[in-house]
Amino acid sequence: METQTLAAAHEIDFSMLSLFARATLTVKLVMIVLMIMSVWSWAIIIQKHIAFKLARREATVFDRAFWSGEPLDELFEKTGSQPDGASEKIFAAGMMEWRRSHRQDGKLIAGAQSRIDRSMDVAINKEAEHMQKGLGVLATVGSISPFIGLFGTIVGITNSFEQIAISQNTNLAVVAPGIAEALLATGIGLIAAIPAVIFYNKLNTDSERILGGYEAFSDEFSTILSRQLDA
């Protein structure tokens, strides 16, 4: 009897595709949702990795130009009032407010320093919002995917017990397929969650470092303009 049971179990296809095909509608929907979440997460991960790499490169190039000794007015003329790079946007925000703070007679309007600082802070906040966009999705996927997978597992195991009750047979050939299908949902949930958590932490750290560089540049630029104001 045991030999026949093992032989029947060996004949069952336990490949992921077959397990998915045999799963109930609810478990299939759970698996599909988890796979969509996984693909969505990887799309965000790849896009953010490329965006952060370009941001670091742009910051390095602009930092080199900024400290090259070129007059700030000439550098501003090259970058323009609406540049593409984040560092250039922060610089342009400060320079535009610096120019607006001069009256026609050449004297400065009171409170120029605080307005310049606020203008650059606004530019930094906009970049921070842009850089953080999508990271919340990774955090959500990382936190809820295991529970969604667990829900699919519970439904799958419940269906297996129902099949056992109907067939009144607890041999391996009856139990194994249902349990395997149920555990597959948990596995897919972990596959979606683990990369999302890992890369959320990494990308969040990278974004904080980049934003820290922007803030450091803003402080240095503000110090330079402050010297000119005092002069």
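In this predicted model, helix 4 (residues 72-79) has the buried residues Leu72, Leu75, Phe76 and Thr79. Buried means under 20% relative accessible area, exposed over 50%, and partly exposed in between (1.4 Å probe, protein chains only). Viewed down the axis of helix 4, the buried residues fall within an arc of 100°, so they line one face of the helix. The arc is taken from the directions that run from the helix axis to the C-beta atoms. Glu77 and Lys78 are exposed, on the face turned away from the buried side. Glycine 80 follows helix 4, with a positive phi near 85°. Helices are DSSP runs (H or I, at least four residues), numbered from the N terminus.

Helix 4 also meets helix 3 (residues 25-66). Their axes come within 11 Å and cross at roughly 145°. Axes are lines fitted to C-alpha atoms over the stretch in contact, with angles from 0 to 180 degrees between N-to-C directions. Helix 3 contributes Phe62, Ala65 and Phe66 to the contact (heavy atoms within 4.5 Å). Helix 4 contributes Leu72, Leu75 and Thr79. Five of the contact residues are nonpolar, one is polar and none is charged. Ala, Val, Leu, Ile, Met, Phe, Trp, Tyr, Cys and Pro count as nonpolar, Asp, Glu, Lys and Arg as charged, and the others, Gly among them, as polar.

Serine 119 lies in helix 6 (residues 112-132). Its side chain reaches the backbone oxygen of arginine 115 at 2.9 Å. Serine 119 also touches Ala93 and Glu97, residues up to four places away in sequence not being counted.

Residues are numbered from 1 along each chain as its sequence is written, and side-chain values use heavy atoms, without hydrogens and water. Local features need pLDDT of at least 70, side-chain atom pairs count only at pLDDT 80 or more, and totals for chains, interfaces and linings use all residues.

Methods: Helix = DSSP H or I, 4+ residues; strand = E, 2+ residues; numbered from the N terminus. Polar contact = N/O pair within 3.5 Å; in protein donor to acceptor, adjacent residues only side chain to side chain.
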